Amino acid sequence: MAIEVRIPTILRTYTDGAKAVEGSGGTLSALIDDLEGNHPGIKERLVEDKSGSVDLRRFVNVYINDEDVRFIGGLDAELSDGDQVVVLPAVAGGALPA
Amino acid sequence: MLTIAQETYDAIVAHAKRDHPDEACGVVAGPEGSDRPERFVPMVNAAGSPTFYEFDSTELLALYKDMDARDEEPVVVYHSHTATEAYPSRTDIGLASEPNAHYVLVSTREHGNSEGPVEFRSYRITDGVVTEEEVTITPTGTADQRESTP
């Protein structure tokens with residue numbers, strides 16, 4: 001099943017410059033694995049290992065049909081055919097050293 | 001080099017002064033590929049902090065969808081430092097995610113909410129490398145007039 005995934009500028013190096021790609025998967029997690037198959041390296045930019053379990057990176061926002069996935073199950077958020085996924089890096093920073 | 005209209009420069013400075021001692025943030029959008037910062041879009045600092053800023057995730061999506069619909073990109077991404085100099089911190093560098101944007105930093109440490117000059121500096125931040133650039137302020141409207149001149 002086809003899901004449109006909008007790719008932000010900074011990750012277009014993984015998609016040959018494409019602003020949007022197609023992927024498939026029943027959950028966000030499965031979709032990211034599918035994307036990794038066609039665009040190796042992209043997964044590492046979206047998720048990280050947090051004390052043994054994989055989670056979305058803190059400063060990466062992912063939306064399914066305009067809903068922030070953090071409010072609808074994170075990586076377990078469900079997807080269906082025709083859904084639109086948008087990936088946006090957080091716009092953040094500040095004087096405080098990380 | 002960043003070329004920015006006086007009106008937009010003033011709007012960024014006013015926002016930074018207004019939100020002091022918290023950090024203020026926003027973008028100036030412009031036509032994709034034009035390098036012209038034209039549409040001032042102040043954003044809410046969802047972190048509401050004197051040492052950190054972050055666009056609210058829902059507002060971030062709305063902003064990018066809006067820019068997409070207008071064939072725009074964030075030409076300038078600005079924020080303020082309220083107790084330190086107008087130079088990108090390690091956090092700023094680590095989180096910079098718009099390789100084509102001019103990152104503008106304003107420091108309000110000297111005069112806070114009051115009248116008085118601020119530090120206003122611009123940088124490129126690409127792959128963790130910071131490059132400061134010159135800022136040229138044009139009288140409001142000048143850029144457009146120049147363009148219509150053959």
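B:Lys65 is partly exposed, with a relative accessible area of 39%; the cut-offs here are under 20% for buried and over 50% for exposed, with partly exposed in between (1.4 Å probe, protein chains only). B:Lys65 pairs up with A:Asp66 in a salt bridge whose closest N and O atoms are 2.6 Å apart. A salt bridge here is a side-chain nitrogen of Lys or Arg within 4 Å of a carboxyl oxygen of Asp or Glu. This pair crosses between chains, running from A:Asp66 in the loop between β5 and β6 of chain A to B:Lys65 in helix α2 of chain B. A:Asp66 is partly exposed too, with a relative accessible area of 39%. As for the naming, helices (H or I, at least four residues) and strands (E, at least two) are DSSP runs, numbered from the N terminus.

A word on the ground rules: this is a predicted model, where local features need pLDDT of at least 70 and side-chain atom pairs count only at pLDDT 80 or more, while totals for chains, interfaces and linings use all residues. Residues are numbered from 1 along each chain as its sequence is written, chains are lettered from A and ligands numbered from 1 in the order in which they are written, and side-chain values use heavy atoms, with hydrogens and water left out.

**Where the chains meet**

At the interface, 27 residues of chain B are in contact with 22 residues of chain A, contact being heavy atoms within 4.5 Å. Together the two chains bury about 2,300 Å², 56% of it on carbon and sulfur atoms. That figure is the accessible area (1.4 Å probe) that two parts lose on being put together, summed over both.

| Pair | Closest N to O distance |
|---|---|
| A:Asp66 and B:Lys65 | 2.6 Å |
| A:Arg6 and B:Asp68 | 2.7 Å |
| A:Lys19 and B:Glu32 | 3.1 Å |

A:Arg6 is partly exposed at 23% relative accessible area, and B:Asp68 is partly exposed at 38%.

A:Glu48 counts as partly exposed at 25% relative accessibility, and A:Arg57 is partly exposed with a relative accessible area of 25%. Salt bridges that share partners tie A:Glu44, A:Glu48, A:Lys50, A:Asp55 and A:Arg57 into one network.

**Chain B**

Chain B has an open sheet of six strands in the order β3-β2-β5-β6-β7-β8, with mixed pairing; two strands pair if DSSP finds at least two bridges between them. The edges are β3 (39-43) and β8 (129-133), each with a single partner strand, so one side of each has no neighbour in the sheet. On average, neighbouring strands of this sheet are turned by 30° against each other, direction ignored.

Strand β5 (residues 72-81) of chain B runs parallel to β6 (residues 102-107) of chain B, joined by six bridges. Across that pairing, B:Ser80 stands opposite B:Val106, and B:His79 stands opposite B:Leu105. With β2(B), β5(B) runs antiparallel through seven bridges, and there B:Pro31 stands opposite B:Glu72.

How many residues of β6(B) are buried? Six of its six are. B:His102, B:Val104 and B:Val106 point one way, and B:Tyr103, B:Leu105 and B:Ser107 the other. As for β5(B), nine of its ten residues are buried, so this strand is largely enclosed by the rest of the structure.

Helix α1 (residues 6-19) of chain B lies across β2 (25-31), β3, β5, β6 and β7 (119-126) of chain B, at about 5° to β3(B). Helix α2 (residues 57-69) of chain B also packs on the sheet, touching β2, β3 and β5 of chain B, and its direction makes about 170° with that of β3(B). Axes are lines fitted to C-alpha atoms, for helices over the stretch in contact, and angles run from 0 to 180 degrees between N-to-C directions.

**Chain A**

Five strands of chain A form an open sheet in the order β2-β1-β7-β5-β6, with mixed pairing. Three bridges join β1(A) to β7(A), which run parallel, and A:Glu4 has A:Gln84 as its bridge partner in β7(A).

Helix α1(A) lies across β1, β2, β5 and β7 of chain A, at about 110° to β2(A). Its buried residues are A:Leu28, A:Leu31, A:Ile32 and A:Leu35.
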